[in-house]
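Student: I am new to this structure and would like to go through it by question and answer. Please show it to me before we start.

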Amino acid sequence: MRHLTIRTFPAARLFLLGMFVLSGLAAAPRPVQAAGEYTIQEVVDAGHGFFGETSGALAKVIEQAFEQYGLPNGYILGQEGSGALIAGLTYGEGTLYTKNVGQHDVFWQGPSLGIDYGGNGTRAMMLVYDLPNVDTLYARYGGVSGSAYIVAGVGMTVLKSRDVVLVPIRTGVGARLGVNVGYLKLTRTPTWNPF
């Protein structure tokens with residue numbers, strides 16, 4: 001019996017060590033959400049509350065944004081109208097939501113130029129990444145935009161100003177086809193001047 005205990009002790013010790021390592025791996029912490037950042041579930045819930053149950057397309061677009069850019073530290077919910085016949089204009093208004101500094105009114109307007117025809121009225125959610133403070137939000141964000149839908153659709157573009165990235169996600173009604181280059185100018189107060 002004593003001989004058996006001596007032989008099984010190293011095996012039991014190895015077994016316990018293996019269980020300890022495996023339990024440590026299972027309990028390994030997930031990447032920590034930084035203060036002020038939103039999880040995908042928080043953004044999807046806000047989107048569904050704002051857009052209504054627009055289908056799984058909205059969740060898929062939000063998921064794609066999270067895969068590419070990570071966790072945003074703010075988002076904007078609003079509506080906009082735009083139209084284009086080669087040259088186009090966009091006007092919108094909404095509210096910036098943050099965890100650290102509350103809610104702030106936001107207005108945006110901007111010109112575009114490209115192979116772009118049609119008009120649309122949309123609800124927009126803009127994910128905001130790497131925003132150091134609210135004042136930094138009010139700037140011009142340039143990028144390339146494309147759209148192809150008739151009656152309704154969900155689309156995502158990416159705009160950048162310095163280190164701040166905006167990812168507008170739009171769902172709306174209208175007819176729009178094309179690709180354009182332009183910018184959005186975000187302001188504290190409404191203005192008709194898109195430049």
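Student: Are Glu80 and Arg170 buried or exposed?

Tutor: The model is a predicted one. Glu80 and Arg170 form a salt bridge, with the closest N and O atoms 2.4 Å apart. The pair links distant parts of the chain, since Glu80 is in strand β1 and Arg170 is in strand β5, 90 residues apart. Under 20% relative accessible area is the cut-off, and both residues are buried.

Student: How many salt bridges are there?

Tutor: Besides Glu80 with Arg170, Arg188 forms a salt bridge with Asp135, the closest N and O atoms being 2.7 Å apart. Lys99 forms another with Glu42, at 3.0 Å between the closest N and O atoms. The count comes to 3 salt bridges.

Student: Which parts of the chain do Lys99 and Glu42 link?

Tutor: Lys99 is partly exposed, with a relative accessible area of 38%. Glu42 counts as partly exposed too, at 31%. In the salt bridge between Lys99 and Glu42, the closest N and O atoms are 3.0 Å apart. The pair, 57 residues apart, links the loop between β1 and β2 with helix α2.

Student: Why does Asp135 count as exposed?

Tutor: Asp135 forms a salt bridge with Arg188. Arg188 lies in the segment after β5 and Asp135 in helix α4, 53 residues apart. The cut-off for exposed is over 50%, so Asp135 counts as exposed at a relative accessibility of 53%.

Student: What span should helix α2 have?

Tutor: Helix α2 covers residues 40-51, which makes 12 residues.

Student: Which residue follows α2, and what is its phi?

Tutor: The buried residues of α2 include Phe50 and Phe51. The residue that follows α2 is Gly52, and its phi is positive, near 85°.

Student: Within what arc do the buried residues of α3 fall?

Tutor: In α3, the buried residues are Leu58, Val61, Ile62, Ala65 and Phe66. Seen down the axis, they line one face of the helix, because they fall within an arc of 140°.

Student: Which residues are exposed on the other side of α3?

Tutor: An α-helix has 3.6 residues a turn, so residues three or four places apart point the same way. Leu58 and Phe66 are among the buried residues of α3. On the other side of α3, the exposed residues are Lys60 and Glu67.

Student: Which residues is Tyr69 in contact with, leaving aside neighbours within four places in sequence?

Tutor: Tyr69 is in helix α3 and counts as partly exposed, at 33% relative accessibility. Leaving aside neighbours within four places, the contacts of Tyr69 are Tyr129, Val158 and Val167.

Student: What accessible area does the nonpolar patch of Ile86, Leu113 and Val181 have?

Tutor: Val181 is found in strand β5 and is partly exposed, at 48% relative accessibility. With Ile86 and Leu113, Val181 forms a nonpolar patch on the surface, and together they have an accessible area of about 270 Å².

Student: What percentage of the residues in the protein chain is buried?

Tutor: The protein chain has 4 helices and 5 strands. Its accessible surface comes to about 11,300 Å². Of its 195 residues, the buried ones make up 39%.

Definitions and conventions. Residues numbered from 1 in each chain as written. Predicted model: local features only at pLDDT ≥ 70, side-chain atom pairs only at ≥ 80, totals over all residues. Heavy atoms only, no water. Helix = DSSP H or I, 4+ residues; strand = E, 2+ residues; numbered from the N terminus. Buried < 20%, exposed > 50% of the residue type's maximum accessible area, 1.4 Å probe, protein only. Contact = heavy atoms within 4.5 Å. Patch = residues over 30% accessible without salt bridge, like charges linked within 9 Å, V, L, I, M, F, W, Y side chains within 5 Å. Areas by Shrake-Rupley, 256 points an atom, 1.4 Å probe, with all protein chains shown as cover. Salt bridge = Lys/Arg side-chain N within 4 Å of Asp/Glu carboxyl O. Arc of directions from axis to C-beta. Expected span 1.5 Å × (residues − 1).
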